[in-house]
Amino acid sequence: MTTTKSKARRAGTGTRTRPGVTSSKPRGLLVAIVDDNPDVCTVIASTLKSVGLRTVSFTDPVAFVDTFDPAKYACIVLDVRMPRLSGFEVQQTLTRRGIDTPAVFVSGHGDIPMALAAVRAGAVTFLEKPWRDQVLIDAVNEAVALNNRRRAARSVHDALRTRLSGLTRREREIAIEVAAGRHAADIGERFGLSRRTVEMHRLRAMRRLGVHSSTELTRIIVEGRAAGLI
């Protein structure tokens, strides 16, 4: 897509919001702006910086894909029509790598089929130029908030996986049986163990998981099963 500087100025219109109203500020993470027109990048960056969001701009979508590190970015503002790689192709490439950083698609040639295609590609929203500054800011904040939720969920998942991976095979087996509501005598009969040995493994499993009751142990096992870790 090639546009003039005057068109770039019209990418965002309207009064910008007051600084400090972004409750979903990315806390050190960056907003990536990917548009082959540097003037459009400048307009978008200026709008987002006016409310305290940190940005990095890319005019080459291939270079962006090659260097993208999801740990550094809260979201992506992604132009649909670009040479070499379209915005959809950029998003599809990242998705194939297992990257789910939220994207806000923008275009100067928007229509309903294109908007639907953007949503199917994983867009948080689709904006057609020109847009009001506040609309862009709200869309980016929504994407940042989604990224924060995903990161929090991954953190919980990783912590749970680490706790469960600390169990021995026997401790895991006993913990699963306890979570199923079976008594020590029944578990011992199933595995050919004494009741005392079953209790020993149960206590060790609880200690490794950092819990203090069979109820807490059951909760961890249930969460692990729901997360596909068991």
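User: What do the buried residues of helix 9 pack against?
Analyst: The buried residues of helix 9 pack against helix 6 (133-165), helix 7 (169-179), helix 8 (184-191) and helix 10 (214-226). Buried means under 20% relative accessible area, exposed over 50%, and partly exposed in between, with a 1.4 Å probe and protein chains only. Helices (H or I, at least four residues) and strands (E, at least two) are DSSP runs, numbered from the N terminus. A contact means heavy atoms within 4.5 Å.

User: What kind of model is this?
Analyst: This is a predicted model, in which local features need pLDDT of at least 70, side-chain atom pairs count only at pLDDT 80 or more, and totals for chains, interfaces and linings use all residues. Residues are numbered from 1 along each chain as its sequence is written, and side-chain values use heavy atoms, with hydrogens and water left out.

User: Back to helix 9. Which of its residues are buried?
Analyst: V198, H201, R202, A205, M206 and L209 are buried in helix 9. Seen down the helix axis, these buried residues fall within an arc of 135 degrees, so they line one face of helix 9. The arc is that of the directions from the helix axis to the C-beta atoms.

User: Which exposed residues sit on the face turned away from that buried side?
Analyst: That face of helix 9 carries the exposed residues R196 and R207.

User: What span should helix 9 have?
Analyst: Helix 9 covers residues 195-209, and its 15 residues should span 21 Å at 1.5 Å a residue. The expected span is 1.5 Å times one less than the number of residues. The end C-alpha atoms of helix 9 are 21 Å apart, which agrees. Just after helix 9, G210 takes a positive phi of about 75 degrees.

User: Is E171 buried or exposed?
Analyst: E171 is buried, with a relative accessible area of 2%. The side chains of E171 and R208 meet in a salt bridge, at 2.6 Å from N to O. This pair links distant parts of the chain, with E171 in helix 7 and R208 in helix 9, 37 residues apart. R208 counts as partly exposed, at 44% relative accessibility. A salt bridge is a side-chain nitrogen of Lys or Arg within 4 Å of a carboxyl oxygen of Asp or Glu.

User: How many salt bridges are there in the whole structure?
Analyst: A search of the whole structure finds eleven salt bridges. One of them joins D60 and R84, whose closest N and O atoms are 3.0 Å apart. D60 lies in the loop between strand 3 (55-58) and helix 3 (61-67), and R84 in the loop between strand 4 (73-79) and helix 4 (87-96), so the pair ties together parts that are 24 residues apart in sequence. D60 is partly exposed at 26% relative accessible area, whereas R84 is exposed at 62%.

User: What about E177: which residues is it in contact with, leaving aside neighbours within four places in sequence?
Analyst: E177 is in contact with R182, I187, R190 and F191, once those neighbours are left aside. E177 has its place in helix 7 and is buried, with a relative accessible area of 6%.

User: Different topic. How many disulfides are there?
Analyst: The count comes to zero disulfides, a disulfide being a pair of cysteine sulfur atoms within 2.5 Å. C41 counts as buried at 2% relative accessibility, and C75 counts as buried at 0%.

User: And how many helices and strands does the protein have?
Analyst: The protein has ten helices and seven strands. Of its 230 residues, 44% count as buried.
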